[in-house]
Amino acid sequence: MKWEVFRQEKTKDYHTHVGNVHAPNAEMAKQYAQIMHARRKPANSLWVVPKEEIEEVHADERGVEMGGTTQKEYRWATNYNTDETFAEEIEDSQREQEAAERDLAEADR
């Protein structure tokens, strides 16, 4: 039976696919995965998954929409027209924020 192995290098990192092992059951697959994929490289945890249990959704399939198809240009500041007065307002707001932070820091002393 073929098992796919995913390794997490550090806590809070994503698990990434690092390869596979052939083993008759989950316990043996975990032991083989430790030996083959975590013995020499740093690892925080390993996921061992039977290959036949992994389902795939492919971007070429009919009716499947994946990243990049939605319009989110509103998130980019370069898509907005700004004139000089708007930029001055932003600078004024920035100065006010910095002054308020300084006042708070002095008040805490």
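Me: Why is Arg95 called partly exposed?

Reply: The relative accessible area of Arg95 is 47%, and the class covers what falls between buried (under 20%) and exposed (over 50%), using a 1.4 Å probe and protein chains only. Arg95 is therefore partly exposed. Keep in mind that this is a predicted model, where local features need pLDDT of at least 70, side-chain atom pairs count only at pLDDT 80 or more, and totals for chains, interfaces and linings use all residues. Residues are numbered from 1 along each chain as its sequence is written, and side-chain values use heavy atoms, with hydrogens and water left out.

Me: What makes Arg95 and Asp92 a salt bridge?

Reply: Their closest N and O atoms are 2.4 Å apart. The term asks for a side-chain nitrogen of Lys or Arg within 4 Å of a carboxyl oxygen of Asp or Glu, so this pair qualifies. Both residues sit in helix H2, three residues apart, or about one turn of the helix. Asp92 has a relative accessible area of 35%, so Asp92 is partly exposed.

Me: How many salt bridges does the whole structure hold?

Reply: A search finds three. One of them joins Glu27 to Lys30, with the closest N and O atoms 3.1 Å apart. These two are three residues apart in helix H1 (residues 26-37), which means about one helical turn separates them. Glu27, at 47% relative accessible area, is partly exposed, and so is Lys30 at 42% relative accessibility.

Me: How do you know that Lys51 and Glu4 form a salt bridge, and what does the pair tie together?

Reply: The closest N and O atoms of Lys51 and Glu4 are 3.6 Å apart, so the pair meets the cut-off. Lys51 lies in the loop between strand E3 (45-50) and helix H2 (84-108), and Glu4 lies in strand E1 (residues 2-8), so parts 47 residues apart in sequence are tied together.

Me: Is Glu4 buried or exposed?

Reply: Glu4 has 6% relative accessibility, so Glu4 counts as buried. Across the protein chain, buried residues make up 13% of the 109 residues.

Me: How does the radius of gyration of the protein chain stand against the compact globule rule?

Reply: The protein chain has 26 Å, whereas a compact globule of 109 residues would have a value near 13 Å. Both rest on a definition: the radius is taken over C-alpha atoms, and the rule is 2.2 Å times the number of residues to the power 0.38. Along the principal axes, the C-alpha atoms fill a box of roughly 70 × 50 × 20 Å.

Notes
Helices (H or I, at least four residues) and strands (E, at least two) are DSSP runs, numbered from the N terminus.
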